[in-house]
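Student: I have a model on my screen and would like to learn how to read its packing. Could you take me through it?

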Amino acid sequence: MDYIAIYDKTAVAKGSLQDIIQQVKAFDNNIEAIVFEVETCRRIDFSWYGDTQTVLDNANVDKGNKSKRGRPKLGVKAKEVTLLPRHWEWLARQKGGASATLRRLVEEAQINTSTEDLICTKQQQLDKFMMAFLGDEAGFEEASRALYRNSKVSFASAIESWPAEIKDFVLTKFNAIAALHNGTAAQ
């Protein structure tokens with residue numbers, strides 16, 4: 001999995017999580033860069049306090065829930081689901097009960113994701129990435145609107161004054177979304 005570390009609106013490191021931490025610590029041991037997963041634009045939070053090895057040890061992104069309830073070895077997590085009584089009744093009648101049925105429905109939905117849903121998800125991910133540290137930048141609102149309109153000309157114009165590495169990153173992500181819109185990208 002690839003990551004990007006950003007500090008002061010500049011991409012200071014790219015690569016695996018280990019590479020990112022080593023590069024950032026070599027760049028400046030006292031900064032706290034913001035790290036994002038490149039594919040999903042998901043922010044990865046961890047403490048930058050300590051030396052490189054300490055940060056590496058604390059940066060495990062798959063820590064998960066330390067609770068002993070459920071089936072932790074399988075990665076099962078208990079969370080609340082709110083449904084109407086008729087939904088609970090239907091789930092109770094299904095083979096395997098409510099949990100098994102919900103897992104099957106989620107698996108099926110993940111496999112059969114529509115192009116529109118994928119586009120929407122990727123747009124939201126990119127918009128959230130931009131908002132994280134570019135929300136006050138000139139052109140942010142215009143870029144956000146152009147992202148959802150799939151207007152490459154407007155998007156490129158709106159981000160023109162942004163730092164080069166960030167501009168390249170968001171434009172690459174925008175182009176991947178535009179390819180989905182145009183039907184020229186593999187899902």
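This is a predicted model: local features need pLDDT of at least 70, side-chain atom pairs count only at pLDDT 80 or more; totals for chains, interfaces and linings use all residues.

Student: Which residues of the largest nonpolar core touch the most other members?

Tutor: In soluble globular proteins, nonpolar side chains tend to be buried together. A nonpolar core here is a set of buried Ala, Val, Leu, Ile, Met, Phe, Trp, Tyr and Cys residues joined through side-chain atoms within 4.5 Å. Buried means under 20% relative accessible area, exposed over 50%, and partly exposed in between (1.4 Å probe, protein chains only). In this model the largest core has 28 residues, and Leu126, Phe129, Met130, Phe155, Trp162 and Val170 touch the most other members. At least two residues each come from strands S1 (3-7) and S3 (34-37) and from helices H5 (115-134), H6 (140-149), H7 (152-158) and H8 (164-182); helices (H or I, at least four residues) and strands (E, at least two) are DSSP runs, numbered from the N terminus. A second, separate core of 16 residues includes Ala5, Val24, Ala33 and Ile44.

Student: What is methionine 130 in contact with, beyond its neighbours within four places in sequence?

Tutor: Contact means heavy atoms within 4.5 Å. Among the partners of methionine 130 are Phe140, Ala143, Leu147, Phe155, Trp162 and Val170.

Student: How do H5 and H6 lie relative to each other?

Tutor: Axes are lines fitted to C-alpha atoms, for helices over the stretch in contact, and angles run from 0 to 180 degrees between N-to-C directions. Angles under 35 degrees count as roughly parallel, over 145 as roughly antiparallel, 65 to 115 as roughly perpendicular and the rest as oblique. The axes of H5 and H6 come within 10 Å and cross at roughly 175°, so the two helices are roughly antiparallel.

Student: And what about H3 and H4?

Tutor: Helix H3 (residues 85-93) and helix H4 (residues 97-111) have axes that come within 7 Å and cross at roughly 95°, so this pair is roughly perpendicular. H3 brings Trp88, Trp90 and Leu91 to the contact, while H4 brings Gly97, Ala98, Thr101, Leu102 and Leu105.

Student: Which residues of H6 are buried?

Tutor: They are Phe140, Ala143, Ser144, Ala146 and Leu147. Their directions from the helix axis to the C-beta atoms define the arc; these fall within 165°, so the buried residues line one face of H6. That side packs against H5, H7 and H8, whereas the face turned away carries the exposed residues Glu141 and Arg149.

Student: Where do the buried residues of H1 fall, seen down its axis?

Tutor: In helix H1 (residues 17-27), Leu17, Ile20, Ile21, Val24 and Lys25 are buried. They fall within an arc of 120°, so they line one face of the helix. Their cover includes S1, strand S2 (10-15), S3 and helix H2 (52-58).

Student: Is alanine 5 buried or exposed?

Tutor: Alanine 5, in strand S1, counts as buried because its relative accessibility is 0%. Leaving out residues up to four places away in sequence, alanine 5 touches partners including Val12, Ile20, Val24, Ala33 and Val35.

Methods
Residues are numbered from 1 along each chain as its sequence is written. Side-chain values use heavy atoms; hydrogens and water are left out.
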